[in-house]
Amino acid sequence: MSLPQYGIPSHLRHRQILGNGKRRAIIVLGHHRALKVELKPTAHGKSPNQLEWNNFKRFFKNIPRELRPHIARISRQKKQNGRISHQTRMVRDFDGTISKSMHAVGKISNAFFWKSFQGMVVELVKARISFYDFTPKNILVKRVSEEKWIPVLVDFESMGAHASPWQFWLRLNFFSGMKVHRRADRLMHAYVSTAQSPKKPE
């Protein structure tokens, strides 16, 4: 039996659902806005949106200028009838279509994207932002133009040392930075394509 504070509210079920993960769903509110709602708690009974809100306030309170294009900013948190939801910026391509995840796009040969990806990782480490969740469903491919694509991070639930409490060494910036690079490299090696022409999202 689902708890009343979880699941998609009835008054929003007619709206477009962008993503439906294990614990949360993203609902389109308008051209520039989306809403993250909770489907179920974490394995430890915690609110995934509250965890994300805490992480966002901690790591992205003052987003470095170089990272701003790569972060889907959470504009506000809403608590109502036991529910915790997030209003976040909608990420769209240059032609107005909703940007797709790396998972949806598949292997990427766009050279600008990977240059931008590597630059984003460097800036994350420089700013001491412990983002480890480099999974293809958590990163969008935003087409700034036909030739220029950039990555945008959209999920901040699992960040920092608390994400891996048994790895106490991650409290040190040196080891945290190494893990950021290692996770990013793993994703890049899995999704980089050597094809001559970039794959355009459908």
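**View 1. Strand E5, tucked into a predicted model.** Five of the seven residues of strand E5 (residues 83-89) are buried, so the rest of the structure largely encloses this strand. Buried here means under 20% relative accessible area, exposed means over 50%, and partly exposed is in between (1.4 Å probe, protein chains only). Strands are DSSP runs of E with at least two residues, helices are runs of H or I with at least four, and both are numbered from the N terminus. This is a predicted model, in which local features need pLDDT of at least 70 and side-chain atom pairs count only at pLDDT 80 or more, while totals for chains, interfaces and linings use all residues. Residues are numbered from 1 along each chain as its sequence is written, and side-chain values use heavy atoms, with hydrogens and water left out.

**View 2. The partners of E5.** Strand E3 (residues 33-38) pairs with E5 in the antiparallel sense over four bridges; pairing takes at least two bridges found by DSSP between the two strands. Look for Lys36, whose bridge partner in E5 is His86. E4 is also antiparallel to E5, with six bridges, and here Gln80 stands opposite Arg83 in E5. E4 and E5 make a hairpin with two residues between them, and Asn81 in the turn has a positive phi of about 55°.

View 3. Arg15, Arg33, Arg76 and Lys78 form a positive surface patch. Arg76 sits in strand E4 (residues 74-80) and counts as partly exposed because its relative accessibility is 43%. Patch residues have over 30% relative accessible area and no salt bridge, with like charges joined within 9 Å and nonpolar side chains (Val, Leu, Ile, Met, Phe, Trp, Tyr) within 5 Å. A salt bridge is a side-chain nitrogen of Lys or Arg within 4 Å of a carboxyl oxygen of Asp or Glu.

**View 4. The open sheet E6-E7-E8.** Three strands line up in the order E6-E7-E8 as an open sheet with antiparallel pairing. Its edge strands, E6 (100-101) and E8, each pair on one side only. Two bridges join E6 to E7, and Ser101 has Leu140 as its bridge partner in E7.

**View 5. E8, covered on both faces.** All five of the five residues of strand E8 (residues 149-153) are buried, so the rest of the structure largely encloses this strand too. Trp149, Pro151 and Leu153 are on one side, and Ile150 and Val152 on the other. Strand E7 (residues 139-143) pairs antiparallel with E8 over five bridges, including the one between Val141 and Pro151.

Technical notes: Areas by Shrake-Rupley, 256 points an atom, 1.4 Å probe, with all protein chains shown as cover. Lys, Arg positive; Asp, Glu negative; His and termini not counted. Charge placed at Lys NZ, Arg CZ, Asp CG, Glu CD.
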